[in-house]
Amino acid sequence: MDLAHMFIVIGFMTSIFVIGTIIFLFAYLLLFDRNQKMHSILRNYPVLGRVRYFLEKIGPEMRQYWFNSDTEGRPYSRDDYEHIVRSAKYKRDAIGFGSKRDFEEEGYYVRNDLFPKLTEELKVDTETLALTQKYLLIKDPLFTQRVEKWEEDKSSAYLLHDNDAVVIGAGLKHPFILKGLIGMSAMSYGALGKHAITALSKGLSMAKGTWMNTGEGGLSPYHLEGGVDLMVQIGPGLFGIRNPDGDVDWEELKRKSEIPQVKAFEIKLGQGAKVRGGHIDAEKVNPEVAAIRKVKPYTSLDSPNRFRQFHDVPTMCDFIEKIRETTGKPVGIKIVIGGNDSVLELASYMRKMGKGPDFISIDGGEGGTGASYQELADSVGLPVKSGLPILVSTLQKYGVRDRVKIIASGKLFTPDRVAIALAMGADLVQIARGFMISVGCIQTLKCQSNICPVGVATTDPLLQKALVINEKKHRAANYLITLRKGLFRISAAAGLDSPVHFSPKHVMFKDDKGVVHSLENIMNEIEQQIENREEQHSTLF
């Protein structure tokens, strides 16, 4: 038999094998699916039913990349996502042709000044530089790999002038002084993997003037890796500072407070996506995560809905005082606003007793999480742009606003969003998911499952190999530096020499009919609502 005939025979036998395999699979599916009792559609349509489930499975990816418009994806649209990636990868945030915002919809706008500030008039720290690396895009063809150059970049860190630095806990032995208005919101080791936490720690340190919140999972070596200032969060589960009985280990708390990088402590009463304690699935709780949290490995962890150590405002303030006395460092609380009277009792007690937190972190219902429940994420807790004015107005009414710094969070990932939050009364802003995207998150929405394909929200060692720390740390730094630069740029447009001077008069709200309202008037209306609520509940105070 010559070679040609041999190939013909091999081809014929292969075809018979392939056809036979297909027939066998169809027959198997026909018999199996028609007799299984779980899926109704497969009992009647075994083959088409399988095709349906396949299309359903790949639906989220198809919508994300093909069918959703640039502005309609959730939680972050394609434009939102690409804005962060461009800033992180290229240190570029310029766009062409025009805005994609729907100007017919209602929303907030920064009020531009007739005579904006020149660059040289801005009060920026001109001496502090940040050395990072970025990509230079050389060619981006359609069918082949884009050509990029990895190059060193030295630029201003865009920090505040010394005179504008924000001080948390000014009267304490160890106040926390910040020259950057933007930090990283709470993200625990365990919810994120060690590669992600390390890259963020190093990147934030490179950007300078910022802070990293550890999340309620406890202080890990990876948070400390980069040398960035740390805010240690304490959740209702007391992870990282708990004794075997599940109560506070005060000696352990004191030991952690003596670490130079630890600058403040935050008591988490709730967060926007889950106004309760945190949750982490068992598969994420490997032995190292368990040791840091001081729990058993491979057990699902649910923090209580609230702290067992206190049950009202006076006992909470006593708890704050004890932590402050033990550590000598600022202590704050993290809250979600639920209504106009949410913080009336706290503000009243602060005025009456002289006690209270050094700062309040306010999270909006639009905030993210590693794991929550649909009903909590969608419907419990107000968005930050509704809750923040309530908090500020209540503190002002009781004359205690100057005693406490306010840190806002909830999708405040662009300079204009940050500026509006500052105008509403925030002193500082913190971001979580923006930083996740900067180190590689592609928004697969699988944070709770430990199968994050890019190695960000997973403790799986194999999956974490995707995240190269020494590359992604530069992206985290670039994103923050570009964000701060944009914040100064929008300040200049508003006629301000520094973003610390944003106030309600610098923001307008346009309703869906095109009528414009000043933020000042909106804040006055909120103050009146609070006044009415106080009168209704006067017996509580």
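Which residues of helix α10 (residues 344–353) are buried? The answer is given with the first of the close-up views below, which are all taken from a predicted model.

**View 1. Helix α10 and the glycine that follows it.** The buried residues of α10 are L344, L346, A347, S348, Y349 and M350. After the helix comes G354, with a positive phi near 75°.

**View 2. Packing of helix α4 (residues 78–90) against helix α16 (residues 469–493).** The two axes come within 7 Å, and they cross at roughly 110°. The two helices are therefore roughly perpendicular, an angle of 65 to 115 degrees being counted as such. The crossing of α4 and α16 is right-handed. On the α4 side the contact is formed by I84, S87, A88 and K89, and on the α16 side by H474, R475, N478, Y479 and T482. By class, the residues of this contact are three nonpolar, four polar and two charged.

**View 3. Packing of helix α5 (residues 194–207) against α16.** Here the axes lie 7 Å apart and the packing angle is about 45°. The orientation of α5 and α16 is therefore oblique. Their crossing is right-handed. From α5, the contact takes in H195, T198, A199, L200, K202, G203, L204, M206 and A207. From α16, the residues in contact are I469, N470, K472, K473, H474, A476, A477, L480, I481 and R484. The contact of α5 with α16 contains ten nonpolar, five polar and four charged residues.

**View 4. Strand β13 (residues 359–363) and its pairing with strand β12 (residues 331–335).** Five of the five residues of β13 are buried, so the strand is largely enclosed by the rest of the structure. F359, S361 and D363 are buried on one side of β13, and I360 and I362 are buried on the other, so that both faces are covered. The pairing of β12 with β13 is parallel and runs over four bridges.

**View 5. Strand β8 (residues 229–234) with strands β7 and β9.** Of the six residues of β8, five are buried, so this strand is largely enclosed by the rest of the structure. β8 pairs in the parallel sense with β7 (residues 211–213) over three bridges. In that pairing, M212 stands opposite L230 of β8. With β9 (residues 262–268), β8 also pairs in the parallel sense, over five bridges. A264 in β9 is the bridge partner of M231.

**View 6. The open sheet of three strands in the order β1-β16-β17.** Pairing in this sheet is antiparallel. At the edges stand β1 (107–110) and β17 (516–518), each with a single partner strand, so one side of each is left without a neighbour in the sheet. On average, and ignoring direction, neighbouring strands of the sheet are turned by 35° against each other. β1 and β16 (residues 507–510) run antiparallel and are joined by four bridges. Among the residues involved, Y108 has F509 of β16 as its bridge partner.

**View 7. The cis peptide bond between R74 and P75.** Omega for this bond is about 0°. P75 belongs to the loop between α3 (46–67) and α4.

**View 8. K91, a residue with positive phi that is not a glycine.** The phi of K91 is about 55°. K91 is part of the loop between α4 and β1. Its relative accessibility is 16%, so K91 counts as buried, the cut-off for buried being under 20%.

**View 9. L445, a residue with positive phi that is not a glycine.** For L445, phi is about 65°. L445 sits in the loop between α14 (433–438) and α15 (461–464). Its relative accessibility is 53%, so L445 counts as exposed, the cut-off for exposed being over 50%.

How values were computed: Residues are numbered from 1 along each chain as its sequence is written. This is a predicted model: local features need pLDDT of at least 70, side-chain atom pairs count only at pLDDT 80 or more; totals for chains, interfaces and linings use all residues. Side-chain values use heavy atoms; hydrogens and water are left out. Axes are lines fitted to C-alpha atoms, for helices over the stretch in contact, and angles run from 0 to 180 degrees between N-to-C directions. Angles under 35 degrees count as roughly parallel, over 145 as roughly antiparallel, 65 to 115 as roughly perpendicular and the rest as oblique. A crossing is left-handed if the near helix is turned anticlockwise from the far one by less than a right angle, and right-handed if clockwise. Contact means heavy atoms within 4.5 Å. Ala, Val, Leu, Ile, Met, Phe, Trp, Tyr, Cys and Pro count as nonpolar, Asp, Glu, Lys and Arg as charged, and the others, Gly among them, as polar. Buried means under 20% relative accessible area, exposed over 50%, partly exposed in between (1.4 Å probe, protein chains only). Two strands pair if DSSP finds at least two bridges between them.
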